[in-house]
Amino acid sequence: MISQGEGKTEKDPVQLRCFTYTLIFTKMAQPLRTPVLPAAVIRSASTGTLEVKEPLNFWCGGRMKPKDEKNAERVYEPATGHVLCEMVPCGAEEVDQAVQSAHSAYLKWSKMAGMERARVMLEAARIIREQRDEIAKMEVINNGKSITEARVDIDVAWQCIEYYAGMAGTLAGQHIQLPGGAFAYTRREPLGVCVGIGAWNYPFQIAAWKSAPALACGNAMVFKPSPMTPVTAVMLAEIYAQAGVPEGLFNVVQGAAETGTLLCHHPLVAKVSFTGSVPTGKKIMEMSAKGVKPVTLELGGKSPLIIFKDSELDNAVKGALMANFLSQGEVCCNGTRVFVEREILPKFLEEVVKRTKAIPIGDPLLDGTRMGALISRPHLDRVLGFISQAKKEGARVLCGGEPFVPTDPKLQGGYFMSPCVLDNCTDDMTCVKEEIFGPVMSVLPFDTEEEVLQRANNTTFGLAAGVFTRDVARAHRVAENLQAGTCFINNYNISPVEVPFGGYKMSGFGRENGQVTIEYYSQLKTVVVEMGEVDSLF
Ligand SMILES: NC(=O)C1=CN([C@@H]2O[C@H](COP(=O)(O)OP(=O)(O)OC[C@H]3O[C@@H](n4cnc5c(N)ncnc54)[C@H](O)[C@@H]3O)[C@@H](O)[C@H]2O)C=CC1
């Protein structure tokens, strides 16, 4: 740890304070270097059997015990309702330790060549591939989604780290020739300590999506997962450490709003990247504004999916299911307002309902399951409440929308529901206007392209949108006119790491993934060089 103070000078009080502090807290608390859960324990676990007792914070290169356990909150396994672990929120002192730890690591990491950083990140990606099944299993146990989906999430996570590792060695500036032999050049420099704050629906993947571009650019990160899914971010921290990042480069602090607030206000934090709801996003922006810190906001959505009568119906039906039922409908970019051209509505509904009823719901650790449990009992109640409200407002439930109790006795306390298709919807209904974040598809008929575009855009959100048609010109015209950060043509919910992802309007700003995200985790310095005499006016 002491070597992390290298590079300090007496002229730099921030570095000096960081160095001194590092010495002090190293004496106070020693990081734990054993893995949060041995792979063999995870492999032998099944639904309802796992308990995590180990501390879930991570800084200074190891797991850290919470300072004060009195505010511990229970974390439940969604499929069973059993207590999986306790989440102990970090207070001001712990947040400061994590940020200082990140800052010390940043001083080293940012001085390394891009290719050196790339090698370490590629090693992290390799370890994730190696541990894919254990991480996916923990994700399922903590989040409730099906193992089939969780494996894809973990694959996307290592692909993201691999992608940005590839980019780390390519970061470069420009050379600009000026009159008289003078010139300027630009340097793409890191920001410093970046904070990542995540939602509960893709816990490991969100941590990877935020840390990969941040680390590739030479930053350090302190990540705060959702208090409902505290377990897998610390596994990512262990993997980065194992891959050889400087101690403290990627840190995890547990907590909820209070801990998040402390992070946003910390003076050594240079940037905040947030994934979550619109109301919290607004607060993050306000807090960051006080310190003039850039923010990335990945917020909610109520995305439209438009199905024209000339579409290939089987694909359109599959697209609508993919747009609504992944991760029990707990996906920000879901296309939950499904506009169907009136002529094909009966056929579309028949097919969609038939396939929705056939979705296997149950033990999320079983390979055959396609829909697991929702994140929590209150969230399940909230989603069911939207369906009751929809009925009151005149919508017709074509299938699902009920609590689901699996026959397996161990799953009877789980937060399951049957996926729901709502017909007879109108644009002014609550289920059509508000983000439900559950497996609820609202179907709306339309007659013309002009009309559907106007209705599709009549929302304060703008995260994603989709169109199914065989008419190439119409597909691109509709995509051009949809107000959304991502438009899918003849598919839905495809998010490869090479492709930028982010919102329009109140769905946020900034992007994750793709080349452009480098710009959100770095800053450009211009260096102007005079080669002759100074031409002074004075
Ligand atoms: N656009 C995107 O990429 C995604 C957006 N989301 C959105 O996230 C929402 C669901 O996730 P939730 O976890 O319920 O959202 P949330 O906004 O309640 O919480 C998100 C995170 O912010 C933290 N937080 C809460 N209050 C805070 C405060 N005052 N200061 C700092 N941090 C604070 C929470 O502890 C959590 O880690 C949905 O609206 C969904 O659409 C979810 C996934 C992806």
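**Entry 1: Glu 149**

I began with Glu 149, which lies in helix 6, residues 147-168. Helices here are DSSP runs of H or I with at least four residues, strands are E runs of at least two, and both are numbered from the N terminus. I noted for myself that this is a predicted model, in which local features need pLDDT of at least 70, side-chain atom pairs count only at pLDDT 80 or more, and totals for chains, interfaces and linings use all residues. Residue numbers start from 1 along each chain as its sequence is written.

Is Glu 149 buried or exposed? Glu 149 counts as buried because it has 23 C-beta neighbours inside 10 Å. The cut-offs I used are 20 or more other C-beta atoms within 10 Å for buried, 12 or fewer for exposed, and partly exposed in between, with C-beta atoms placed from the backbone. Leaving aside neighbours within four places in sequence, I found Glu 149 in contact with Leu 326 and Ser 327; contact means that the C-beta atoms, placed from the backbone, lie within 7 Å. I also checked Ala 464, 315 residues apart from Glu 149 along the chain, and the two C-alpha atoms are separated by 20 Å.

Ser 327 is buried, since 23 other C-beta atoms lie within 10 Å. Its phi is positive, near 45°, in a residue other than glycine. I reminded myself that most residues other than glycine have a negative phi.

Glu 330 is in the loop between helix 11 (313-325) and strand 13 (337-341). Glu 330 is buried too, because 22 other C-beta atoms lie within 10 Å. Not counting residues up to four places away in sequence, Glu 330 touches Asn 201, Leu 374, Ile 375, Phe 437 and Gly 438. I looked at Trp 200 as well: Glu 330 and Trp 200 are 130 residues apart in sequence and 9.2 Å apart in space, C-alpha to C-alpha.

**Entry 2: Glu 298 and the records**

Next I went to UniProt, where an unreviewed entry lists Glu 298 for "active site". Positions follow the numbering used here, feature names are shortened, and annotations may be inferred rather than shown by experiment. I computed that residues 71-527 are 40% helix and 19% strand, with the end C-alpha atoms 50 Å apart.

Glu 298 is in strand 11, residues 295-298. Glu 298 is buried, because 28 other C-beta atoms lie within 10 Å. Which residues does Glu 298 contact, leaving aside its neighbours within four places in sequence? They are Phe 274, Thr 275, Gly 502, Gly 503, Gly 508 and Glu 512.

**Entry 3: the ligand shell**

I then listed the 27 residues around the ligand, of which Gly 260, Gly 276, Thr 280, Gly 300 and Cys 332 come nearest. A residue is near a molecule if its C-beta atom, placed from the backbone, lies within 6 Å of it. The shell divides into twelve nonpolar, eleven polar and four charged residues. Here Ala, Val, Leu, Ile, Met, Phe, Trp, Tyr, Cys and Pro count as nonpolar, Asp, Glu, Lys and Arg as charged, and the others, Gly among them, as polar. Helix 9 (257-265) and helix 10 (278-290) each supply at least two shell residues, and the largest share, four residues, comes from helix 9.

**Entry 4: helix 10**

Helix 10 has 13 residues and reaches 19 Å from first C-alpha to last, close to the 18 Å expected at 1.5 Å a residue; the expected span is 1.5 Å times one less than the number of residues. Gly 281, Ile 284 and Ser 288 are buried in helix 10. They lie on the same side of helix 10 because they cover an arc of only 60° around the axis, taken from the directions from the helix axis to the C-beta atoms. The buried residues pack against helix 9, strand 10 (269-275), strand 11 and strand 19 (508-509). The face turned away from the buried side carries exposed Pro 279, Glu 286, Ala 289 and Lys 290. Val 292 follows helix 10, with a positive phi near 45°.

Methods:
Contact = placed C-beta atoms within 7 Å.
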